[in-house]
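Here is a short note for a colleague who is opening this structure for the first time. Please keep the model on screen and go through the points in order.

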Amino acid sequence: MMLRAVVRRASSRGSSFSRVAASAQSFHSVSATESLVPRGSHARSFHHRSCPGCTECSRTVLSSFQGTALQRWVRPFSSDSGDVVEAVVPHMGESITDGTLATFLKKPGDRVEADEAIAQIETDKVTIDIASPASGVIQEFLVKEGDTVEPGNKVAIISKSADAVAHVAPSEKIPEKAAPKPSPPAEEPKVESTKVAEKPKASSAPPPPTKQSAKEPQLPPKDRERRVPMTRLRKRVATRLKDSQNTFALLTTFNEVDMTNLMKLRSQYKDAFFEKHGVKLGLMSGFIKAAVSALQHQPVVNAVIDGDDIIYRDYVDISIAVGTSKGLVVPVIRGADQMNFADIEKTINSLAKKANEGTISIDEMAGGSFTISNGGVYGSLISTPIINPPQSAILGMHSIVQRPMVVGGSVVPRPMMYVALTYDHRLIDGREAVYFLRRIKDVVEDPQRLLLDI
């Protein structure tokens with residue numbers, strides 16, 4: 001601004017170029033700290049006060065503010081050299097505020113790539129991976145296994161250069177060299193040995209305590225017991241199931257289903273079904289289609305109590321209980337009423353695979369209007385399942401057993417399955433529950449009803 005004013009003043013008076021240059025030279029003679037940059041201002045506002053294209057002003061900027069300018073542009077989660085980054089806990093979902101660091105997948109000194117999992121967090125619902133933000137070498141972990149962490153907490157320090165190995169390796173070798181030093185205390189065992197040699201004299205007195213111990217009750221030895229902390233998923237399942245028992249008026253009704261026709265249909269078309277759709281035809285898809293038909297005939301089973309109101313759902317989202325090594329998870333088949341047998345089987349296989357691998361997401365388990373639990377895969381003959389809140393009913397499937405049945409006046413062996421419906425008696429009356437279970441029995445025993453909608 002000041003230079004432009006000088007130029008305009010010189011040109012208006014018809015002065016020569018030398019006069020402009022003299023004005024510019026006098027401008028440069030002014031102290032940068034006195035006239036160009038007020039005390040306490042930042043370097044980013046200083047360039048507005050310098051001359052455009054002027055090398056002398058640029059040198060003034062670099063010589064006066066070289067130290068302070070660099071300190072204001074440090075990247076977050078980095079060291080002053082820009083070589084170190086920090087891995088933090090990611091966002092775990094709207095309903096999850098914290099988790100437990102279950103295990104480290106890497107060790108200090110290991111090389112990791114960008115987005116590679118270095119640790120796992122166990123939450124109430126799913127297991128979440130902590131990924132490395134960049135390629136490098138793990139210097140150290142800032143938390144321990146079993147610690148409770150929240151989104152944004154720092155977990156590990158990662159160096160992007162390979163030199164970090166040199167910092168980690170010596171720290172691991174030092175304890176190894178320090179360990180053999182306790183050779184001088186070798187004299188202590190001699191003192192202990194002398195004491196041990198003296199004790200046998202008094203060891204002849206223990207017989208009296210044995211008589212007293214015989215009168216005491218024999219308790220199992222503590223060294224044969226193990227105390228293991230509950231996982232977050234197990235604690236969550238325990239809390240929800242207990243809340244279900246305390247909240248709902250649980251009642252269970254039973255029936256038995258002849259699986260002859262459904263198993264015959266599966267055996268007849270399983271090869272053609274697999275050839276066309278690339279997935280095997282199972283029995284679960286038949287029960288899901290039967291449950292959809294029953295829910296449409298008895299909408300109250302698909303409803304839920306909310307305060308003083310009843311919410312009727314005009315959609316059918318079927319939850320499937322899947323038992324994993326870490327606990328019970330319940331993924332949801334959304335829009336089951338809009339799916340055919342192939343779509344249902346593909347969705348079941350995909351969700352079951354994710355559940356067993358621990359990669360299922362929270363969104364895939366949220367919601368659901370009705371649950372089916374198949375205890376028959378474990379050999380269960382009959383059970384009373386517990387409702388999965390906030391739903392109002394759950395269907396329990398069981399193992400298929402050959403039993404003698406009367407058919408056409410004759411006793412013949414039939415593959416039979418017991419089915420159980422546990423429902424909230426506050427909302428669902430016994431009549432609707434029995435009709436619901438009867439509809440499932442009719443559809444499974446005669447799948448052609450689905451084609452004719454009868």
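How many nonpolar, polar and charged residues does the lining of the largest cavity have?

1. **The largest cavity.** By class, its lining has seven nonpolar residues, no polar ones and no charged ones. Please keep in mind that this is a predicted model. The residues that line the largest cavity are Ile-320, Val-322, Pro-331, Ile-333, Ile-348, Leu-351 and Ala-352. The helix α12 gives the most to this lining, with three residues. The space inside is about 40 Å³.

2. **The second largest cavity.** Searching the whole structure gives two cavities of 30 Å³ or more. The second largest cavity holds about 30 Å³ of space. Leu-262, Gly-286, Phe-341, Val-443, Val-444, Pro-447 and Leu-450 form its lining. By class, this lining has six nonpolar residues, one polar and no charged.

3. **The largest pocket.** The largest pocket has about 780 Å³ of space. It is lined by 34 residues, and those closest to its centre are Arg-240, Leu-328, Val-329, Val-330 and Asn-388. Which element gives the most to the lining of the largest pocket? That is α9, with five residues. At least two lining residues each come from α9 (232-247), β13, β14 and β16. In terms of class, 18 lining residues are nonpolar, eleven are polar and five are charged.

4. **The second largest pocket.** About 630 Å³ of space lies here. The lining of the second largest pocket has 25 residues, and Leu-265, Tyr-269, Leu-281, Phe-341 and Pro-447 are the closest to its centre. Two or more lining residues come from each of α10 (260-277), α11 (284-297), α12 and α14. The greatest share is that of α10, with eleven residues. The classes here are twelve nonpolar, eight polar and five charged. Two names deserve a second look. Phe-341 and Pro-447 are among the residues closest to the centre of this pocket, and both also line the second largest cavity.

5. **Ser-369.** Find this residue in the loop between α12 (341-357) and β16 (370-374). Is Ser-369 buried or exposed? Ser-369 counts as buried because its relative accessibility is 0%, and the cut-off for buried is under 20%. Its side chain makes a polar contact of 2.8 Å with the side chain of Asn-302. Setting aside neighbours within four places in sequence, Ser-369 is in contact with Val-301, Asn-302, Arg-313, Tyr-315, Val-316, Asp-317 and Gln-391.

6. **Thr-324.** This residue sits in the loop between β13 (322-323) and β14 (328-329). Thr-324 has a relative accessibility of 19%, so it counts as buried. The limit is under 20%. Not counting residues up to four places away in sequence, Thr-324 touches Val-329, Ala-355 and Asn-356. One of these links back to point 3: Val-329 is among the residues closest to the centre of the largest pocket.

7. **A cis peptide bond.** Which two residues does a cis peptide bond join? They are Pro-389 and Pro-390, with omega at about 10 degrees. Pro-390 belongs to the loop between β16 and β17 (393-397).

8. **Asp-115.** Check the backbone here. Phi of Asp-115 is near 70 degrees, a positive value in a residue other than glycine. Asp-115 is placed in the loop between β3 (111-112) and β4 (117-122). Its relative accessibility is 65%, so Asp-115 counts as exposed.

9. **Asp-453.** Phi is positive here too, near 55 degrees, and this residue is again not glycine. Look for Asp-453 in the segment after α14 (448-452). Is Asp-453 buried or exposed? Asp-453 counts as exposed because its relative accessible area is 63%, where exposed means over 50%.

Conventions: Residues are numbered from 1 along each chain as its sequence is written. This is a predicted model: local features need pLDDT of at least 70, side-chain atom pairs count only at pLDDT 80 or more; totals for chains, interfaces and linings use all residues. Side-chain values use heavy atoms; hydrogens and water are left out. Helices (H or I, at least four residues) and strands (E, at least two) are DSSP runs, numbered from the N terminus. Buried means under 20% relative accessible area, exposed over 50%, partly exposed in between (1.4 Å probe, protein chains only). A polar contact is a pair of N or O atoms within 3.5 Å; within protein, one must be able to donate a hydrogen and the other to accept it, and residues adjacent in sequence count only if both atoms are side-chain atoms. Contact means heavy atoms within 4.5 Å. On a 1 Å grid over the protein atoms alone, a cavity is a set of points where a 1.4 Å probe fits but cannot get out, and a pocket is an open set with protein on both sides within 12 Å along at least five of seven lines; lining residues have an atom within 4 Å of a point. Grid points are joined across faces, edges and corners, and a volume is the space filled by probe spheres set on the points. Ala, Val, Leu, Ile, Met, Phe, Trp, Tyr, Cys and Pro count as nonpolar, Asp, Glu, Lys and Arg as charged, and the others, Gly among them, as polar.
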